[in-house]
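Visitor: I am new to reading structures. Please walk me through one, feature by feature.

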Amino acid sequence: MSQIRERKADHINVCMNERIAPGHCYWDDVRLVHNALPEIGMDDIDTGCWLFGKKLEFPLIVTAITGGFPGATKINANIAEACAELGIGMGVGSERAGVTGTCPESYEVIKEFDVPLVIGNVGAPQLVPQKSGDMFSSEMVGRAKDLIDADIMAVHLNFLQEVVQPEGDTNGAGVRDAIRSLAREYPIMVKETGAGISRDVAERIKGIGIQGIDIAGMGGTSFAAVELYRAMNAGDEIRTNMGETFFDWGIPAPASVLEAKGCGLPIIASGGILDGTHIAAAISLGAACGGVANTVLREATESADAVKKKLTVLKEELRAAMLLTGSKDLKALAGTRHVILGETRQWIDAL
């Protein structure tokens with residue numbers, strides 16, 4: 001268990017201090033068409049939305065960041081307090097550590113706050129047999145849900161991270177059936193962790209009982225990069241080289257939204273969202289809401305007020321983008337015109 005705790009702390013340290021994202025911000029390639037005659041006022045704008053049966057005051061989730069080591073308690077408490085005050089959703093990092101007895105309080109702390117939508121987190125690789133022997137039973141998923149009173153459990157598909165991680169679990173056989181089985185017992189969504197969801201994958205998972213998808217595309221935190229730095233520090237040349245090779249592997253987040261939205265399930269658009277215009281772009285492309293993680297990490301290590309201020313900036317930028325496109329609500333924003341330029345356009349055309 002100490003190995004898991006150290007790995008969780010390593011991930012936060014790397015994300016705080018190293019370059020972990022590709023050099024290009026793909027959301028900047030999505031431009032909303034300006035409306036010079038919006039015929040609405042800022043006070044007319046409604047940013048509210050419903051997701052998984054829960055009302056959010058604006059379309060944003062602070063997605064999975066951390067848990068499982070002492071420093072995570074403060075981070076999760078600060079995020080939870082801010083999300084509760086602003087009326088938005090929150091996820092936690094992989095709960096394997098908490099369920100197996102490593103710093104469960106770092107997850108449980110969020111139950112002290114009235115967060116409107118709480119998303120739990122278990123790893124897809126741990127749902128099937130691995131060489132390490134690790135497996136997450138259905139009963140353990142239930143314990144993970146209860147640990148934070150989760151409204152829905154996210155099963156994360158992090159095979160990019162696992163192939164670079166020295167201690168990674170790399171057997172993906174049987175994951176779809178395992179998710180299908182879980183979805184018969186619990187409310188389940190599926191999330192990537194930085195490499196995106198393709199149209200083919202979205203089609204393959206839409207009919208197995210899940211309730212939504214977080215596409216978590218390329219452009220934000222690359223967990224291949226995170227594991228690169230861990231391997232480098234450990235003197236593991238093979239994994240260091242693999243981390244460098246796969247640093248920018250994946251589907252750009254905006255392209256992934258377009259790939260996945262045809263499945264008919266609610267889409268959370270995460271992966272490199274840095275400001276409110278990116279959230280607006282995601283809604284315009286067909287997402288139900290945006291998701292951020294590393295965007296608020298530094299603030300989360302400071303205070304709940306710092307997180308709240310950062311998230312409030314994102315909300316006000318979103319409202320401004322809605323005014324400047326004449327969108328009085330998110331339904332109108334979803335129908336607003338946009339153009340897609342640059343590398344993201346190249347990706348979409350090639351796909």
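**Reading helices, strands and a loop**

Guide: Start with helix α5, residues 138-148: its buried residues are M140, V141, G142, A144, L147 and I148. Buried means under 20% relative accessible area, exposed over 50%, and partly exposed in between (1.4 Å probe, protein chains only). Helices here are DSSP runs of H or I with at least four residues, strands are E runs of at least two, and both are numbered from the N terminus.

Guide: A word on the source. This is a predicted model, where local features need pLDDT of at least 70, side-chain atom pairs count only at pLDDT 80 or more, and totals for chains, interfaces and linings use all residues. Residues are numbered from 1 along each chain as its sequence is written, and side-chain values use heavy atoms, leaving out hydrogens and water.

Visitor: What covers the buried residues of α5?

Guide: First, the general idea. An α-helix has 3.6 residues a turn, so residues three or four places apart point the same way. In this case, the cover includes α3 (96-99), α4 (105-108), β6 (118-123), β7 (152-157) and α7 (175-183). Just after α5, D149 takes a positive phi of about 55°.

Visitor: How do I read two packed helices?

Guide: Two packed helices are described by the angle between their axes and the distance between the axes. Take α2 (residues 70-86) and α14 (residues 304-324): their axes come within 8 Å and cross at roughly 50°. That makes α2 oblique to α14. Angles under 35 degrees count as roughly parallel, over 145 as roughly antiparallel, 65 to 115 as roughly perpendicular, and the rest as oblique.

Visitor: Which residues of α2 and α14 make the contact?

Guide: From α2 come N78, I79, E81, A82, E85 and L86; from α14 come A304, V307, K308, L311 and T312. Contact means heavy atoms within 4.5 Å.

Visitor: Now a strand. Which residues of β11 are buried?

Guide: In β11 (residues 289-292), C289 and G291 on one side and G290 and V292 on the other are all buried, and both faces are covered. Two strands pair if DSSP finds at least two bridges between them. Strand β4 (residues 60-62) runs parallel to β11, joined by 3 bridges. There, V62 has V292 as its bridge partner. Strand β10 (residues 267-270) also pairs with β11 in the parallel sense, over 3 bridges. S270 stands opposite G291.

Visitor: Where is A64?

Guide: A64 lies in the loop between β4 and α2. A64 is partly exposed, with a relative accessible area of 25%. C-alpha to C-alpha, A64 and N294 are 9.6 Å apart in space, yet 230 residues apart in sequence.

Key:
Axes fitted to C-alpha atoms, helices over the stretch in contact; angles between N-to-C directions.
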